[in-house]
Amino acid sequence: MQIRWVLCAALMVGAVPEQLGAEEHVQMEEVVVTATRGNLPKGKVTKSVSVVDSDAIERQHAETALEALRNVPGVFVRRSGAVGRTTSVVIRGSTDDQVLVLIDGAEVSSPTLGNFNFSTLPADFIERIEVLRGSAGTLYGSKAIGGVINIITKHGQGPMRTSYQQEFGTLRTFKETGATQAEIGPVRYHVGMTRLDSHGLSTGDDVELTHVTAAGAAQLAEWLSLDVALNNNDSHVGIDDGAFRPDPNRFIEREHLVLSTTLKARPIEFWEQELRLSFNDDDTLDVDVGDPGTTQATTKSRFNTDRYGMDWLNRMQWGRWGLMTTGFELKDEEAESTSFRKTVFQWAWFLQHQFDLTDRVTLIGGVRN
């Protein structure tokens with residue numbers, strides 16, 4: 001379903017500095033996180049990485065994360081139907097279960113299927129998307145042999161600002177978005193909510209999407225910082241039957257919650273530590289109500305997956321001897337449906353060293369168990 005907006009109204013209230021500084025701004029080299037699981041200038045990254053920032057998302061008028069990824073080289077997007085239908089992404093010929101998807105550093109790919117359904121993730125509150133093409137198995141595991149997509153949400157910056165926007169369009173489509181953000185001393189935050197309603201192209205093809213995000217960061221000390229992020233999606237999507245015919249009595253409800261808390265410490269100049277605790281809950285309910293006047297019974301199918309994760313990461317910069325990244329991971333993955341229940345516990349350690357032989361030659365070696 002393609003939606004063409006015909007009316008838009010927006011309101012923004014904020015504190016604006018009276019005078020912009022006359023200082024000359026120095027263009028800094030872009031920094032990426034995904035390639036080494038830490039900040040690294042893009043010129044030092046040995047793998048192929050693309051970055052889609054919030055400015056690029058606005059220029060594309062992207063409504064969803066899916067649309068923001070369409071123009072990334074080597075990325076192929078697949079959607080099974082209209083807005084809200086199952087959507088997956090592959091990189092350079094890999095399958096969708098070989099591409100690891102992260103939101104604010106927390107793994108959100110399905111513990112059972114291995115892929116991530118992008119269908120209900122809007123682009124309104126995304127700060128940047130980093131796409132790493134090619135294997136990243138040493139740092140991220142076997143799910144990343146095709147690449148990594150790291151979605152980083154807005155955490156707020158600058159003076160306090162509050163915005164509200166409404167959009168109306170065809171097919172009885174209505175969208176409203178509200179957000180507030182501020183940076184107060186060592187603390188910054190961003191809170192936002194967006195709601196999309198659309199009647200759809202046929203009977204029973206309606207879509208209702210609600211997305212809430214809340215993120216913040218605090219500089220606890222010169223060497224210590226804390227980052228917290230929450231993303232929650234609720235959706236109700238009317239869906240056709242197995243023959244791709246409209247079925248007014250069938251719908252899918254999905255709730256997806258991602259929590260991430262990250263503590264970063266730099267006890268000495270060349271050593272940075274990162275401890276992340278994460279939780280991912282994906283609950284899907286498929287309901288097919290029996291047709292009136294028939295003996296068809298109402299069927300329900302529920303599928304729920306949970307992931308509890310802990311990552312401890314160490315990055316040591318040895319000057320001309322290169323960058324060493326090592327860490328330890330724990331994951332508790334649980335899946336439950338109407339027919340089975342399964343729990344898998346995993347742990348892993350890894351070590352990777354990036355040695356810059358010259359300005360133009362870099363050697364990387366790593367091991368993971």
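Buried here means under 20% relative accessible area. By that cut-off R315 is buried, and E272 is buried as well. The model shown is a predicted one.

**View 1. The salt bridge between R315 and E272.** The two side chains meet at 3.2 Å, N to O. R315 belongs to strand β18 and E272 to strand β17 (residues 271-288), so their pairing ties together parts 43 residues apart in sequence. Within the chain, the count of salt bridges comes to 20.

**View 2. The salt bridge between E107 and R307.** An N to O distance of 3.4 Å separates the side chains of E107 and R307 in this salt bridge. Because E107 lies in strand β8 (residues 106-107) and R307 in strand β18 (residues 299-317), the pair ties together parts that are 200 residues apart in sequence. Both E107 and R307 are buried.

**View 3. The salt bridge between E329 and R37.** The closest N and O atoms of E329 and R37 are 2.8 Å apart. The pair links distant parts of the chain: E329 sits in strand β19 (residues 323-337), whereas R37 sits in the loop between β2 (31-32) and β3 (40-41), 292 residues away. E329 is buried, with a relative accessible area of 8%, and R37, at 9%, also counts as buried.

**View 4. The largest nonpolar core.** This core holds 28 residues, of which L69, V75, F118, I129, V131, I149 and I151 touch the most other members. Elements that give two or more residues to the core include the helices α1 (54-60) and α2 (65-69) and the strands β9 (126-133) and β10 (147-153). The largest share, four residues, comes from α2. Beyond its neighbours within four places in sequence, F118 is in contact with A65, L69, T87, V89, V101, I149 and I151. A second, separate core has 16 residues, among them L40, V49, L132 and F350.

**View 5. W223 and its contacts.** W223 lies in the loop between β14 (207-221) and β15 (224-238). Its relative accessibility is 46%, so W223 counts as partly exposed. Not counting residues up to four places away in sequence, W223 touches K264, A265 and R266. The C-alpha atoms of W223 and R266 are 5.0 Å apart, although the two residues are 43 apart in sequence.

**View 6. The whole chain, for context.** The chain has three helices and 21 strands, and 44% of its 369 residues count as buried.

Definitions and conventions: Residues are numbered from 1 along each chain as its sequence is written. This is a predicted model: local features need pLDDT of at least 70, side-chain atom pairs count only at pLDDT 80 or more; totals for chains, interfaces and linings use all residues. Side-chain values use heavy atoms; hydrogens and water are left out. A nonpolar core is a set of buried Ala, Val, Leu, Ile, Met, Phe, Trp, Tyr and Cys residues joined through side-chain atoms within 4.5 Å. Buried means under 20% relative accessible area, exposed over 50%, partly exposed in between (1.4 Å probe, protein chains only). Contact means heavy atoms within 4.5 Å. A salt bridge is a side-chain nitrogen of Lys or Arg within 4 Å of a carboxyl oxygen of Asp or Glu.
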